Amino acid sequence: MPWLSALFLLLLLPGLYGGLVLAPPDYQQGESYRIIFIHVPAAWMSLFIYVVMAFCGVVIVVWRMKLAEIVLISSAPIGASFTFLALATGSLWGKPMWGTWWVWDARLTSELILLFLYLGVIGLHGAIEDKRVASRAVAILAIVGVVNIPIIHYSVEWWNSLHQGPTVTKFDKPSIHWSMLLPLLLMALAFQVYYVVALFQRCRGELLLRERNNKWVQELNGE
Amino acid sequence: MKRLSLSQAFIYLLRRDLTLAVRNRAEFANPILFFVLVITLFPLAIGAVPELLARIAPGIIWVAALLAAMLSLDSIFRSDFDDGSLEQLLMSAHPMPVLVLAKVCAHWLVTGVPLLLISPVLAEMLGMPAAAQGTLFLTILIGTPILSLVGAIGVALTVGLPKGGIILSLLVLPLYVPVLIFASSAIEAAAGGLDVSAQIYMLLAFLFVSISLSPLATAAALRMSMS
Amino acid sequence: MLLVEGSNGSGKTSLLRILTGLKLADEGDVYWRGQSIARLAAEYYEQVSYVGHHDGVKRELSCLENLRLVQAMGKPTELDLDTALDRVNLYRYGDSLVASLSAGQKRRLALARLLVVESVLWILDEPFTSLDKSSMGYFESLFDQHLQQQGVVIMTSHHDIPMAGADVQRLNLSA
């Protein structure tokens, strides 16, 4: 664990430095665009984690592996946090740009709906008492959700194009200068490592919680 | 004697649910009343400005339809869950997804069709141009079955929970968003005289995907809720 | 016949529900005639009838309508529905809504499904709840008859079941 945390810092610091200092100021948005170095990787993570959860969901439904159940429910809060981070940074970006704290652009709206999907998973899992049943429920929910994410995303983009909202997605341009791309990728990797670190911690906690009636946990506890 | 064929069982269950709905009339009137009430609230809240109302009418009607659909969803499985009929259905020799489809079909006939029939009246009250009303009807015709089908998944996941209704909204509304987007945009486009085939095709696609996939998810969720 | 016994909370109902496939066991599988019931699915269900704590009848339907539904979902027997109702003493209530029946009558209707559907395995959780002595007697002889015809009955009951001449195994979960 400690070396993973070190790896995280190792990736995070150059990523931040590269993004915040080295990369040239964008010709249109000046300095304030730099928030995308957090916003974009966070958004990528929010999607990635949901896909991981859906994958766990399939494993749970087909093979009923306990490990998959633990990974799924531990990932959910992390994914929700990344989604929230993406939304918050997106909002922070919007303020100096368009003077409002929120814009109904395609990406942000999709992220908002994704947040609801995460909250649904967390809420459903919390509401069902028998945790093995709860895991199967959220497994189904995660699978249904992941199928819907592209549909929702496409629908929202289409909706957005109709109403001509301002776009936050500058990176649909065909070429990105590598001095921006590199810190971006570094940040993405850093977030990935963070996910693994946080996941391990949560999984440990979840495993202890589930197996608390088993002997090996009680032995650990010194009983 | 031989057991019934699958289609016979389907029709049988469909008729049973329709019979139950007829005998429980009060319970099934609620969603429709809610639909009308919600729509009535908007002019009260925004002011009876005709151009404004006409402009947002598609959105109002569809949001109200979503909310009314969600209100009605609970009735699909709750009664069967409470009296043990659901477990008997799960133990039948017929495949559960087909039985689920029969129940959802009944649900749509009882909750979606009334919505469909009253929507022209409400559209007129909100001042929606005649050109758009046909599209409104079409979107509700295609859209409400999707609401029932997809909503059934959510109900199946939460039927065993005491306060299931609240979580149900959280689960189901994100899934309804695509239908909402395409339906209301279709009506708006029609009001402007534009072509709506793209939106209608998308809705039809959603419908076909829902009919084929959602009973499977619902059946799996029901089985899991019962354990 | 397998009689599952045990004190309250020992898991009798759970065990029965696991055997019906309604509940998934934490570990292990259920096998019927050598094959896992998860694999058999419809084939297994065609041979099983289950009466649990709930009666599994709709109160807004009449007795006959309920039984017709039971038949629609399984493999019907040759027995005429009115005769079936007569056997459980509900003949007069054929067209009455279940909502108007007493608890004991509802239970008899719930058990009547055993008469109208052909099944080899009967899984019954406290079938005698709310039943009076003479009804209990009728059903005991029904179970006997079923066993004579190579049927299987797995049940729990806190009543004493005098099953004379039957091959009764007991499983005590409290032990």
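Which residue of β6(C) is the bridge partner of C:Val4? In β6(C), that partner is C:Thr156. The structure is a predicted model, in which local features need pLDDT of at least 70, side-chain atom pairs count only at pLDDT 80 or more, and totals for chains, interfaces and linings use all residues. Residues are numbered from 1 along each chain as its sequence is written, while chains are lettered from A and ligands numbered from 1 in the order in which they are written. Helices (H or I, at least four residues) and strands (E, at least two) are DSSP runs, numbered from the N terminus.

The sheet of chain C comes next. Its 5 strands form an open sheet in the order β4-β5-β6-β1-β7. The pairing is parallel. Two strands count as paired if DSSP finds at least two bridges between them. The edge strands are β4 (48-51) and β7 (169-172) of chain C, each of which pairs on one side only. On average, neighbouring strands of this sheet are turned by 15° against each other, direction ignored. Axes are lines fitted to C-alpha atoms, for helices over the stretch in contact, and angles run from 0 to 180 degrees between N-to-C directions.

The strand pairs can be taken in sheet order. β4(C) is joined to strand β5 (residues 121-125) of chain C by 4 bridges, and the two run parallel. Here C:Ser49 has C:Trp122 of β5(C) as its bridge partner. Between β5(C) and β6(C) there are 5 bridges, again in the parallel sense. C:Leu121 is partnered in β6(C) by C:Val152. β1(C) and β6(C) run parallel and are joined by 3 bridges. C:Leu2 has its bridge partner in β6(C) at C:Ile154. The parallel pairing of β1(C) with β7(C) extends over 4 bridges. Within β7(C), C:Arg170 is the bridge partner of C:Leu3.

β6(C) is largely enclosed by the rest of the structure, because 4 of its 5 residues are buried. A residue is buried if 20 or more other C-beta atoms lie within 10 Å of its own, exposed if 12 or fewer, and partly exposed in between, with C-beta atoms placed from the backbone.

Helix α1 (residues 12-20) of chain C touches β1 (2-5), β4, β5 and β6 (152-156) of chain C. The direction of α1(C) makes about 150° with that of β5(C). Helix α6 (residues 103-116) of chain C touches β4 and β5 of chain C. The direction of α6(C) makes about 175° with that of β4(C). Two residues are in contact if their C-beta atoms, placed from the backbone, lie within 7 Å.

Chain B contacts chain C through 24 residues, against 26 residues of chain C. α1(B) gives the most, with 6 residues. By class, this side of chain B has 11 nonpolar, 8 polar and 5 charged residues. Ala, Val, Leu, Ile, Met, Phe, Trp, Tyr, Cys and Pro count as nonpolar, Asp, Glu, Lys and Arg as charged, and the others, Gly among them, as polar.

α1(B) has 18 residues. Its first and last C-alpha atoms are 26 Å apart, close to the 26 Å expected at 1.5 Å a residue. The expected span is 1.5 Å times one less than the number of residues. The buried residues of α1(B) are B:Ala9, B:Leu13, B:Arg16, B:Asp17 and B:Leu20. They cover an arc of only 90° around the axis, which puts them on the same side of α1(B). The arc is that of the directions from the helix axis to the C-beta atoms. On the other side of α1(B), B:Ser7, B:Gln8 and B:Val22 are exposed. The buried residues of α1(B) pack against α6 (96-125) of chain B together with α4 (63-73) of chain C.

The contact between chains B and A takes 19 residues from chain B and 22 residues from chain A. On the side of chain B that touches chain A, α7 (130-158), α8 (164-191) and α9 (197-226) of chain B give two or more residues. α8(B) gives the most, with 11 residues. The residues of this side divide into 17 nonpolar, 2 polar and no charged.

Chain A has 7 helices and 0 strands. Buried residues make up 40% of its 223 residues. Among contacts in chain A between residues at least 6 apart in sequence, 80% join residues at least 24 apart.
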